[in-house]
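My notes follow, in the order I looked things up.

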Amino acid sequence: MSTAPVQYLSNSDTLCKRCSEKNAVLISRRDAFCSDCFVWFVRGKQRKSMLNERYKVKYGAVAEKLGTQKVLLPLSFGTSSLVLLDMVASLLREQNLAHKGKQGFELVVLHILEENGPSKAEAESIMHELLSRYDPVTVHYRIIDPEMFLLDKKSLQRIQVSAEFDVLSKQQQLGNSLTVSLLLESCRTNSSRADLLQLIYHDLIIQSAIQLRCNTILLGHSMTRLASEILSMTVKGRGVEIHEAIADRSISYEGNEFHIIFPFRDILFAEVEAVLSLTDGLKQFHVETSKGTSIAKNMTVQALSTKYFDDLGANGYASTASTVVKTAEKLGAPKCEITAKCRICQADIYTNPKQWLKSITVNAAAPLETEAEVELAEGYAKVIGKSHVSGDSLDVCYGCTVMLLGAGDQFAWPMRATREEILDEFVLTDEE
């Protein structure tokens, strides 16, 4: 008989299988746990992902060689990021007490304000009270507005997709009135809006890591969330990025090296939720920001894939998430050569998406004979792109090309200089 990933026990005489002293409060992975042992079980998974020497307390020559690692933890006040913060801060507190005030790393918490989340003043209040739980450890924090993404308004350009799937940009004076909200509102589909917002958050996290001089980024994605990401990326045409997007890895960005770690990659979301409910005083800081629709046709791809795994878990098939993640972990980069980098999401481009889209799409329409056919053709042109679009050609990956088809004619995006363009500025000509 199928069961939920976490079964809560009430008035049970079953002893905890780990300590054999306290009564079990839940069953997970066929084992009975008391509250303390279950929290330690999940905490052990998190600490296993941070066994590297750079996160340990260092002395002497090792300390001089490695220095102090600075770790950035994005916090939305949602379940996973809140539990991850509590565990990482608790690790720091243990190091501080065991080593007479010394810590293995510095922790910086980053909160990005959301439309349906707390205001900046509310976030400041929550953050101050939350971080005071971990005295004597000092945890620094930064609260930023998504508008930071559009700080350089001069880099904004209009972007459109032609009927031949050429992605073209055109420099236009957009003024200072354009906001992230207006940028997203220009999109015709919910999935395009969600995809762009995810790109904005990713950029803000990376840029914050650079500004704060952090060496590691900890993301609170559970195994369930990673499995959902894998399915949604496949549907959105971003399958070529999966091998990197869900892996613990090191990346280089604008000359900066980062370690990206998913400490909860072996933990189901239901188990993370259980830790939140079992940790004294932590749930009061939880903020639910999701206000998505429950109507399937209006849901984003990400929301649909999340619901899919939620339903699997509720019906006893939570292990499917593990299968999806473990299969994706075996993926590698394509064998062919990288031809360019996407100017929207910075992903590597291996094949020309225009050629692929043209090969699977019929662009030549039959002659229009009735008014109804003309009206339908005009509606189709709004979705598929316009042939009279002009501008400079951009290198854009398949996923972003598809996303831009639903972004609208007035879509704008910051066009930052590529690495090659930056280097070209410093190349001296014969005249110079």
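**Ground rules.** By contact I mean heavy atoms within 4.5 Å. This is a predicted model, where local features need pLDDT of at least 70 and side-chain atom pairs count only at pLDDT 80 or more, while totals for chains, interfaces and linings use all residues. I number residues from 1 along each chain as its sequence is written, and side-chain values use heavy atoms, with hydrogens and water left out.

**Confidence.** I checked pLDDT, the predictor's confidence in each residue, from 0 to 100. The protein chain averages 84, and 89% of the residues score at least 70. Over residues 421-429 pLDDT stays under 50, and the model has 4 contacts there beyond four places in sequence. Where pLDDT is low, the predicted coordinates should not be read in detail.

**Proline 334.** I found proline 334 in the loop between α11 (319-329) and β12 (340-341); helices (H or I, at least four residues) and strands (E, at least two) are DSSP runs, numbered from the N terminus. Leaving aside neighbours within four places in sequence, proline 334 is in contact with Val240, His243 and Tyr350. I also checked isoleucine 349: its C-alpha is 9.9 Å from that of proline 334, and the two are 15 residues apart in sequence.

**Cores.** A nonpolar core here is a set of buried Ala, Val, Leu, Ile, Met, Phe, Trp, Tyr and Cys residues joined through side-chain atoms within 4.5 Å. The largest one has 67 residues, and Ile159, Leu196, Ile344, Leu404 and Trp413 touch the most other members. Helix α6 (residues 190-211) gives the most to this core, with 7 residues. Apart from it lies another core, of 49 residues, among them Met87, Ala123, Leu131 and Phe264. Back at isoleucine 159, I listed what it touches beyond four places in sequence, including Val167, Leu394, Phe411 and Met415.

**Sheet with β7.** I traced an open sheet of 4 strands in the order β14-β8-β7-β15, with antiparallel pairing; two strands pair if DSSP finds at least two bridges between them. The edge strands, each pairing on one side only, are β14 (392-393) and β15 (412-414). Strand β7 (residues 156-161) is joined to β15 by 3 bridges, and arginine 158 stands opposite alanine 412 in β15.

**β4 and β5.** Strand β4 (residues 69-74) runs parallel to β5 (residues 105-112), with 6 bridges between them. Glutamine 69 has phenylalanine 105 of β5 as its bridge partner. In β4, 5 of the 6 residues are buried. In β5, 7 of the 8 residues are buried, so β5 is largely enclosed by the rest of the structure.

**α9 and threonine 279.** In helix α9 (residues 269-278) I marked Glu271, Val272, Ala274, Val275 and Leu276 as buried. What covers these includes β1 (6-8), β2 (26-28), α1 (35-48) and α3 (79-98). Threonine 279 lies in the loop between α9 and α10 (301-314). I put threonine 279 down as buried because its relative accessibility is 14%. A polar atom of its side chain lies 2.7 Å from the backbone oxygen of valine 275. Beyond four places in sequence, threonine 279 is in contact with Val39, Asp86 and Arg133.

Conventions: Buried < 20%, exposed > 50% of the residue type's maximum accessible area, 1.4 Å probe, protein only. Polar contact = N/O pair within 3.5 Å; in protein donor to acceptor, adjacent residues only side chain to side chain.
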